[in-house]
Amino acid sequence: MTKVDFRYATHPIDARKYGTDELRDHFLLNPIFKENEIRLTYTMYDRYIVGGAMPVDKSLKLETFDHLKANYFLERRELGIINVGGKGIVTVDGNVYELSKKEALYIGKECKDIVFESTDGEQALFYINSAPAHHKYPTQKVGREDAEIIELGDQKYANKRILNKLIVNSIVKTCQLQMGVTELQEGNVWNTMPAHTHTRRMEAYFYFDLEEGQTVCHFLGEPQHTRHIFMENHQAVLSPEWSIHSGSGTANYSFIWGMAGENLDYGDMDGVAPNELK
């Protein structure tokens, strides 16, 4: 079963007027996972799709839906998957890919049959991002050993973290999709601080590995008109091209960043110093 939601893009001046409920309605994606379902949100931010597949006791096939006006899901798209649960497999046109936790799979344009399954009595949780594609690139698994790893931050500023680049152009050929995992170290809570925007790309964050009963306060909005959304484990949030995307938790956590847009330059960011935020 596939359930599809839809989100329009928001003008930054409009977003300044949003209260708590409106901010959550426009930007928060919840739930990402539901038993034996594929749940997707089609957004008007670069026509990006965010969602999750949770196969419990049956396989789940990725189907097209009306917004795509396509014969099959990847007729004009590419797909990125990162497993955030137990071991599972993704079958792509008959080829089987086993994914452990925090391993990724890039699936290129024109692949027709994508099926998700849990294996070995474990519960896989497949987090999904998809963007329009103009060219077909090969399907490729990216294991933890394949990731481009960068250590960032400082214990002094409570933002020491490990960035795992998974689906990026230095590892996998893609049209515009990029994805990776950032892991906050114990005792560190701030992500993406100092903050930045990048008007060439939109972004989506998915928070996981957050201890039960804890929360992450995700910051969004224009740098001088910031807003916040309190988030729980396994929730995602959309970040328009005009918005910062930063957060601080009551405990350490991990998050997946995914993005698409004008270019594949990971360093294309417009930085904002902490004392410049309002």
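Colleague: How many residues of strand β3 are buried?

Modeller: Seven of the seven, residues 37–43, so β3 is largely enclosed by the rest of the structure. Buried means under 20% relative accessible area, exposed is over 50%, and partly exposed is in between, using a 1.4 Å probe and protein chains only. Strands here are DSSP runs of E with at least two residues, and helices are runs of H or I with at least four, numbered from the N terminus.

Colleague: Before I go on, what kind of model is this?

Modeller: It's a predicted model, where local features need pLDDT of at least 70 and side-chain atom pairs count only at pLDDT 80 or more, while totals for chains, interfaces and linings use all residues. Residues are numbered from 1 along each chain as its sequence is written, and side-chain values use heavy atoms, with hydrogens and water left out.

Colleague: OK, back to β3. Which residues sit on which side?

Modeller: E37, R39, T41 and T43 are on one side, with I38, L40 and Y42 on the other, and all are buried. In a regular strand, side chains alternate between the two faces of the sheet.

Colleague: What does β3 pair with?

Modeller: β1 (residues 2–7) runs parallel to β3, joined by six bridges, and T2 stands opposite I38. Pairing here needs at least two DSSP bridges between the strands.

Colleague: And the hairpin of β3 and β4, what does D46 do there?

Modeller: D46 takes a positive phi near 55 degrees, in a hairpin with five residues between the strands.

Colleague: Switching topic: how many salt bridges are there?

Modeller: The structure holds 16, counting a side-chain nitrogen of Lys or Arg within 4 Å of a carboxyl oxygen of Asp or Glu. One of them joins D209 and K102 at 3.3 Å, N to O. D209 is in the loop between β18 and β19, K102 is in the loop between β8 and β9, and they are 107 residues apart.

Colleague: Where do E103 and K141 lie?

Modeller: E103 is in the loop between β8 and β9 and K141 is in β12, so the pair ties together parts 38 residues apart in sequence. Their salt bridge is 3.4 Å, N to O.

Colleague: Which residues share partners in one network?

Modeller: K101, K102, R144, E183 and D209, joined by salt bridges.
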